[in-house]
Amino acid sequence: MKICKKSGIIVESIVPGSPAAYCNINRGDQLLAVNGIRPRDLIAYRYLCAEENLNLKIRRQNGQPVTYQINKGYDTDLGMVFSTDCFDGVKHCRNKCIFCFVDQLPGHLRSTLYEKDDDYRQSFLHGNYITLTNLQENEISRILKLKLSPLYISVHTTDPELRGRMLGLKRHAPVLDMISRFAEEGIKMHIQVVLCPDWNDGAILERTISDLAAFWPHVASVGIVPVGLTKFRQHLPYLRSITPTESRKLISRLGNFQQAFCKKYGVSFVYLADEFYLKARYPFPPYEQYDGFPQLENGIGPARLFYEDFQKLRRFLPKKARRQRRLFIATSQDGGRVLLPVIRRLWLIKNLDVNLISIPSTFFGPRITVTGLLTGQDLLWGLRDIKGEDVLLPRILIRKGTSLFLDGLDVREVEHRSGCAVHLLDPTAAALVEHICMLGGVRL
């Protein structure tokens with residue numbers, strides 16, 4: 001992390017046309033202070049920069065300090081982008097959660113995958129889930145004073161003793177008092193429950209949902225996601241995956257909760273990850289039941305949203321491609337189940353041969369079935385028999401800002417070793433349809 005309290009905060013890039021660009025501030029320069037204050041994080045920086053008149057102190061790459069007097073519109077961004085949002089360092093997780101995915105990774109992946117953040121600032125800025133177990137009173141006061149909302153909180157269970165055990169602590173881990181305190185001050189919260197069969201399911205889960213519902217609308221949603229278990233899980237408490245039968249029972253039971261909440265609050269309130277419906281072989285809930293998709297980034301609702309968007313695009317699909325073309329769409333086992341109805345519709349386009357490749361997780365193991373965890377090695381295995389073909393991949397497989405897969409393999413390396421032409425696209429129906437039509441010589 002490029003942080004140095006003495007030398008300042010490294011500028012990663014400059015937005016063209018911004019006040020910072022006008023002042024000729026460049027990448028590699030260091031921010032020393034705004035109106036005499038060194039911001040501790042991006043939140044403080046934004047508050048300081050909201051004023052119209054700013055005294056900006058910068059240190060050039062040659063070591064020369066420069067001061068700028070900037071007059072700008074209220075809330076106009078200065079246009080400086082930094083390599084981190086926490087200038088004083090990210091606060092890391094001190095828990096030892098029984099289900100922690102980081103603890104189930106092999107030891108040879110890129111270093112950033114092993115970082116466990118539990119920082120309220122990352123929660124507010126990026127929707128990262130935090131446990132609240134490492135919050136100090138001054139940090140709580142700052143959240144309340146600045147109204148840092150919404151926050152995303154990992155609860156798992158509202159039973160203090162069980163929550164402590166699930167977080168790997170040698171003490172109870174109550175959470176309702178903190179949630180109550182935030183609710184009283186108008187902080188909106190989205191809750192995550194990682195469902196671990198035989199631990200926090202059944203009556204315990206129902207009690208957790210009921211306890212959290214008491215704080216609606218400040219607790220705006222509760223997302224239930226299944227525990228992810230890799231083949232590298234060693235010397236950790238025993239956990240198992242939820243079975244198809246259990247998934248069906250869970251969907252049915254929580255459906256009753258959702259109906260009750262809809263009558264009482266006008267929203268479903270509690271939502272299940274797409275994986276549960278795939279495992280149960282049940283259809284996804286209707287679009288309206290997701291209430292605006294408050295936990296989309298948590299894997300709750302992307303399949304339904306994809307179908308909804310594709311349905312709007314069906315009438316624009318051509319009847320025939322201008323030239324004969326064969327394409328392959330590579331995805332995970334779960335992704336294959338989601339895409340199959342869409343692929344069947346694309347088969348109706350003449351001259352266009354669209355093929356689906358559902359790739360198992362040879363890297364993490366058979367219990368990992370989601371697309372976002374496919375690695376470069378998995379792709380090499382899945383593409384071993386189709387040398388020379390065009391392959392479409394969702395961009396979520398690549399670390400943002402790089403061309404690297406989870407296991408560190410580069411896109412070009414995968415192309416070279418597989419002999420395929422890899423096309424990265426956003427995981428949306430619009431991106432898929434547009435790209436397929438473009439490769440087939442058809443304009444939408």
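## Basis of the description

Residues are numbered from 1 along each chain as its sequence is written, and side-chain values use heavy atoms, with hydrogens and water left out. Because the model is predicted, local features need pLDDT of at least 70 and side-chain atom pairs count only at pLDDT 80 or more, whereas totals for chains, interfaces and linings use all residues.

Helices (H or I, at least four residues) and strands (E, at least two) are DSSP runs numbered from the N terminus. Contact denotes heavy atoms within 4.5 Å.

## The sheet β7-β8-β9-β10

Four strands form an open sheet in the order β7-β8-β9-β10, with parallel pairing; two strands pair if DSSP finds at least two bridges between them. The edge strands, β7 (151-154) and β10 (270-272), each pair on one side only. From one strand to the next, the twist averages 25°; axes are lines fitted to C-alpha atoms, for helices over the stretch in contact, and angles run from 0 to 180 degrees between N-to-C directions.

Strand β9 (residues 219-226) pairs with β10 in the parallel sense over 3 bridges, and Ile224 has Leu272 in β10 as its bridge partner. Helix α7 (residues 202-213) packs on this sheet and touches β8 (189-195), β9 and β10, its direction making about 175° with that of β8. Helix α8 (residues 244-265) also lies across β8, β9 and β10, running at about 150° to β10.

## The sheet β12-β11-β13-β14

A further open sheet of 4 strands has the order β12-β11-β13-β14, again with parallel pairing. β12 (350-359) and β14 (421-425) stand at its edges with a single partner strand each, so one side of each has no neighbour in the sheet. Neighbouring strands are turned by 30° against each other on average, direction ignored.

Strand β11 (residues 320-332) and β12 pair in the parallel sense over 9 bridges, with Asn355 in β12 as the bridge partner of Phe328. Helix α11 (residues 333-346) packs on the sheet against β11 and β12, and its direction makes about 165° with that of β11. Helix α14 touches β11, β12, β13 (390-394) and β14, at about 135° to the direction of β11.

## Helices α10 and α14

The axes of α10 (residues 302-313) and α14 (residues 429-439) come within 8 Å and cross at roughly 45°. This makes α10 oblique to α14; angles under 35 degrees count as roughly parallel, over 145 as roughly antiparallel, 65 to 115 as roughly perpendicular and the rest as oblique.

Phe306, Asp309, Phe310 and Leu313 in α10 meet Ala429, Ala430, Leu432 and Val433 in α14. The residues of this contact divide into 7 nonpolar, no polar and 1 charged; Ala, Val, Leu, Ile, Met, Phe, Trp, Tyr, Cys and Pro count as nonpolar, Asp, Glu, Lys and Arg as charged, and the others, Gly among them, as polar.

## Nonpolar cores

A nonpolar core is a set of buried Ala, Val, Leu, Ile, Met, Phe, Trp, Tyr and Cys residues joined through side-chain atoms within 4.5 Å. The largest has 117 residues, and Tyr45, Leu56, Met80, Phe182 and Ile224 have the most contacts inside it. Helix α14 gives the most to this core, with 7 residues. Apart from it lies another core of 19 residues, among them Val391, Leu393, Val411 and Val414.

Beyond its neighbours within four places in sequence, Phe182 is in contact with residues including Leu132, Leu135, Ile140 and Met189.

## Ser18

Ser18 lies in the loop between β2 (8-14) and α1 (19-22). Ser18 counts as buried because its relative accessibility is 9%; buried means under 20% relative accessible area, exposed over 50% and partly exposed in between (1.4 Å probe, protein chains only). Not counting residues up to four places away in sequence, Ser18 touches Leu78 and Gly79. The C-alpha atoms of Ser18 and Thr76, 58 residues apart along the chain, are separated by 8.9 Å.
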